Amino acid sequence: MKKVLVLGGGIAGVEAASLLSEYGFDVTLVSNRDYYYIYPLAIWIPVERIKFNDIKMNLNNLALIHNFRFIKDEVLSIKAKEKEVLLKESGSLKDFDYLVIAIGGSKVNPKGMEYAYSICSEPTQALELRDAIQKLVLKGSGKIAIGFGGNPKDPSGVRGGPAFELLLNLDDYLRKLNLRENFEITFFAPMDKPGIRLGEKAYNSAIDMLKKLNIKIKTGKKIKEFQKDGVVLEDGEKIEADVIAFIPATDGHKAIKESDLPQNEAGFIKIDDTTKVIDFDYVYAIGDSAALEGPDWKAKQGHLAEAMARVCAFNIALKEGKAKGAPKSYKEHMSIICLMDMGTKGAGLVYRNDKKAIFLPMPIIGHYLKKLWGMHFKLVKMKKLPKLPYINY
Ligand SMILES: Cc1cc2nc3c(=O)[nH]c(=O)nc-3n(C[C@H](O)[C@H](O)[C@H](O)COP(=O)(O)OP(=O)(O)OC[C@H]3O[C@@H](n4cnc5c(N)ncnc54)[C@H](O)[C@@H]3O)c2cc1C
């Protein structure tokens, strides 16, 4: 039986490991955390709308359910030419036929990042942000700045949606506590039109909503640094803040940057349409680790990470005579799909592909749809519910 080594136990890695096992491969997955974390639901932790334990899933259990071997360890380096992966605890791994890389990315952190909280780096930081907001709530007033950053080397790693979701959920949360008027909330981002990638309609709706809710907007200026009491912008202007929440853009993973794999300027792995790494027949890269090719608005998203995993598993199976048909391309799945949550106010459905950009407001029901999606996603991962057609898991 051919052996596949999957690196990374996130959205892309677990989907790939599960499908490759279904195709009849002997699969081992290595990840540095012993849990699978559903990042799209992390927006609700700081405002106590969901519990941390409700958005993490034990990887040992998932390995049992999906029939792959799980090793908790950290990938230190990948030597593709020598067909070797070096792990922190277990040392060198060489006994595999295919390698699937899905370890996500590193972050473009501005100076002073230790003064800001992020909900997209170490998962436990969402809990620290929750506690910091709680402290202000107990005090009864405060200033909170929430923003996101760019990556000039590869804008596909920019993540604005969760910042908008966090802002709108925070506003909703403080209103429920009758404390909103005691808080100053500021949105900041270096771009002139942050979020325009989602389409003109979605961008305008998001900005209009922030204005309507009396959220201050500071955009179009680079972030110089974070300080204990605020965000300093390139021209010296300071956004005063007791708490800063920041979503840094994704950058190439440190272990990948130090590897001999072909990379783009940002350190994402260069792949062809089938997700196979350029110049290496046995290596595939999927999800946030891979360099995406396509339209200007392309974005690293969870739904694309899963689609890439499916494409990758199919193409490996095809090579080994375990699947029939023509090679598949991840580019067919290039789109932006996001149910942008606003708390109990609802959500806005954003959809963009090469033909259209849609923004559909979903007052009230949108929020509960996103909750339902979260529950369904987990049950599908546990194989307690079947996948629905046309929806990525
Ligand atoms: C707050 C937030 C909200 C989001 N909302 C949405 C949304 O609504 N819709 C959407 O489609 N996308 C959303 N995304 C994007 C989506 O979550 C990512 O695109 C997706 O998680 C990428 O999956 P991945 O498996 O490639 O990477 P990751 O999910 O980052 O997984 C990488 C895995 O590799 C492991 N790992 C990392 N380094 C090592 C190492 N050295 N050794 C071993 N293991 C390692 C990590 O522990 C992790 O398990 C959101 C992201 C964030 C942060």
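Student: Is Thr-186 buried or exposed here?

Tutor: In this predicted model, Thr-186 counts as buried, because its relative accessibility is 3% and the cut-off for buried is under 20%.

Student: Where is Thr-186 found?

Tutor: Thr-186 is found in strand 12, which covers residues 183–189.

Student: And which residues is Thr-186 in contact with, leaving aside its neighbours within four places in sequence?

Tutor: With those neighbours set aside, Thr-186 is in contact with Ile-144, Ala-145, Ile-146, Leu-167, Ile-215, Lys-216, Lys-218 and Ile-239.

Student: How far apart are Ile-144 and Thr-186, in sequence and in space?

Tutor: Ile-144 and Thr-186 are 42 residues apart in sequence, while their C-alpha atoms lie 6.4 Å apart in space. Ile-144 has its place in strand 11, residues 142–148, and Ile-144 is buried too, with a relative accessible area of 2%. Beyond four places in sequence, the contacts of Ile-144 include Ile-133, Leu-136, Leu-170, Phe-183 and Val-243, as well as Thr-186.

Student: Changing topic, how is the protein divided into domains?

Tutor: Domain 1 is made of residues 3–105 together with 252–335, and domain 2 takes in residues 110–248. The centres of the two domains, taken over C-alpha atoms, are separated by 30 Å.

Student: How many residues of each domain are in contact with the other, and what area do they bury?

Tutor: On the domain 1 side 23 residues are in contact with 26 residues of domain 2, and the two domains bury about 2200 Å² between them, with 58% of that on carbon and sulfur atoms. In domain 1, the residues that lose the most area to domain 2 are Ile-43, Pro-46 and Val-47, which together make up 28% of what that side buries.

Student: What about salt bridges and polar contacts between the domains?

Tutor: Between domain 1 and domain 2 the count is 3 salt bridges, and 11 residue pairs are found in polar contact across the interface, with both residues of each pair at pLDDT 80 or more. By class, the side of domain 1 that touches domain 2 has 15 nonpolar, 1 polar and 7 charged residues.

Student: Which residues are linked with Arg-49 in a network of salt bridges?

Tutor: The network links Arg-49 with Asp-171, Asp-172, Arg-175, Lys-176, Arg-180 and Lys-345. Within it, the side chains of Arg-49 and Asp-172 meet at 2.9 Å, N to O, and those of Lys-345 and Asp-171 meet in a salt bridge at 3.3 Å, N to O. This last pair links distant parts of the chain, 174 residues apart, with Lys-345 in the loop between strand 22 (336–341) and strand 23 (346–352) and Asp-171 in helix 4, residues 161–176.

Student: So which of those two is buried, and which is partly exposed?

Tutor: Asp-171 counts as buried, because its relative accessibility is 0%, whereas Lys-345 is partly exposed, with a relative accessible area of 25%.

Student: How many salt bridges does a search of the whole structure find?

Tutor: The search finds 31 salt bridges. Among them is the one where the side chains of Glu-237 and Lys-221 meet at 2.4 Å, N to O; these residues are 16 apart in the chain, each in a loop between two strands. Glu-237 is partly exposed at 23% relative accessibility, and Lys-221 is partly exposed at 26%. Another joins the side chains of Asp-229 and Lys-238 at 2.6 Å, N to O, where Asp-229 is partly exposed at 38% and Lys-238 partly exposed at 29%.

Methods: Residues numbered from 1 in each chain as written. Predicted model: local features only at pLDDT ≥ 70, side-chain atom pairs only at ≥ 80, totals over all residues. Heavy atoms only, no water. Domains from an automatic or database assignment. Contact = heavy atoms within 4.5 Å. Buried area = accessible area lost by both parts, 1.4 Å probe. Salt bridge = Lys/Arg side-chain N within 4 Å of Asp/Glu carboxyl O. Polar contact = N/O pair within 3.5 Å; in protein donor to acceptor, adjacent residues only side chain to side chain. Nonpolar A, V, L, I, M, F, W, Y, C, P; charged D, E, K, R; others polar. Helix = DSSP H or I, 4+ residues; strand = E, 2+ residues; numbered from the N terminus. Buried < 20%, exposed > 50% of the residue type's maximum accessible area, 1.4 Å probe, protein only.
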